[in-house]
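Subject: Structure handover

Hello,

Here is the structure I said I would pass on. Please keep it open while you read the notes under it.

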Amino acid sequence: MEFGLSSSAGRLKDVHLSSHHRDTLGKIFSHPASGNVEWRDVLSLLEYVGTTTEERNGKFRVTLGPETEVLEAPRGKDIDEQLIVDLRRMLRQAGLTPDDGTADTG
């Protein structure tokens with residue numbers, strides 16, 4: 001699957017996602033939010049589409065498009081609903097959403 005995206009305003013352009021990354025993106029944007037989105041899958045996607053650096057305190061500094069956020073890894077393997085909301089915002093602002101109609105617009 002190919003995402004042809006605007007290159008203006010720091011947005012991603014021509015991102016080619018693997019099926020694994022497409023599945024993770026779909027889970028992030030599914031509505032209602034999936035409770036089975038694993039942190040390691042999210043981190044893999046973020047490392048592929050942005051710049052991710054693990055800080056000394058164990059948190060992750062993620063730059064995606066025009067935005068930089070500091071994310072904390074969850075205690076378990078799955079991310080929580082608030083992180084899903086934050087990821088949706090970051091991914092949308094970078095111009096990256098699934099093109100299969102599953103994107104939650106809210």
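Predicted model: local features only at pLDDT ≥ 70, side-chain atom pairs only at ≥ 80, totals over all residues.

Residues are numbered from 1 along each chain as its sequence is written, and side-chain values use heavy atoms, with hydrogens and water left out.

The whole chain

The protein chain has three helices and five strands. Here helices (H or I, at least four residues) and strands (E, at least two) are DSSP runs, numbered from the N terminus. Along the sequence the pattern reads β-β-α-α-β-β-β-α. The chain has 106 residues, and 37% of them are buried. Buried means under 20% relative accessible area, exposed means over 50%, and partly exposed lies in between (1.4 Å probe, protein chains only). Of the contacts with a separation of 6 or more, 51% are between residues 24 or more positions apart. A contact means heavy atoms within 4.5 Å.

The sheet

Three strands form an open sheet in the order E3-E4-E5, with antiparallel pairing. Two strands count as paired if DSSP finds at least two bridges between them. Strand E3 (51-54) and strand E5 (67-71) are the edge strands, each pairing on one side only. On average, neighbouring strands of this sheet are turned by 15° against each other, direction ignored. Such angles run from 0 to 180 degrees between N-to-C directions, and the axes are lines fitted to C-alpha atoms, for helices over the stretch in contact.

E3 and strand E4 (residues 60-64) run antiparallel and are joined by four bridges. Thr-52 has Val-62 in E4 as its bridge partner. Helix H2 (residues 39-49) packs on the sheet, where it touches E3, E4 and E5, and its direction makes about 45° with that of E4. Helix H3 (residues 81-93) also packs on the sheet, touching E4 and E5, at about 160° to the direction of E5. Thr-53 stands opposite Arg-61 in E4. Five residues lie between the strands in the hairpin of E3 and E4, where Gly-58 takes a positive phi near 90°.

The core

In soluble globular proteins, nonpolar side chains tend to be buried together. The largest nonpolar core in this model has 23 residues, and among those with the most contacts inside it are Trp-39, Ile-79 and Leu-91. A nonpolar core is a set of buried Ala, Val, Leu, Ile, Met, Phe, Trp, Tyr and Cys residues joined through side-chain atoms within 4.5 Å. Helix H1 (19-29), H2, E4 and H3 each give at least two residues to this core. H2 supplies the largest share, six residues. Leaving aside residues up to four places away in sequence, Leu-91 touches Leu-25, Ile-28, Phe-29, Leu-64 and Leu-96.

Helix H3

H3 has 13 residues and spans 19 Å from its first C-alpha to its last, close to the 18 Å expected at 1.5 Å a residue. The expected span is 1.5 Å times one less than the number of residues. Buried residues of H3 include Leu-83, Leu-87 and Leu-91. The buried residues of this helix pack against H1, H2, E4 and E5.

One residue

His-16 is in strand E2 (residues 15-16). His-16 counts as partly exposed because its relative accessibility is 43%. His-16 and Val-49 are 33 residues apart along the chain, and their C-alpha atoms are separated by 9.3 Å.

Regards
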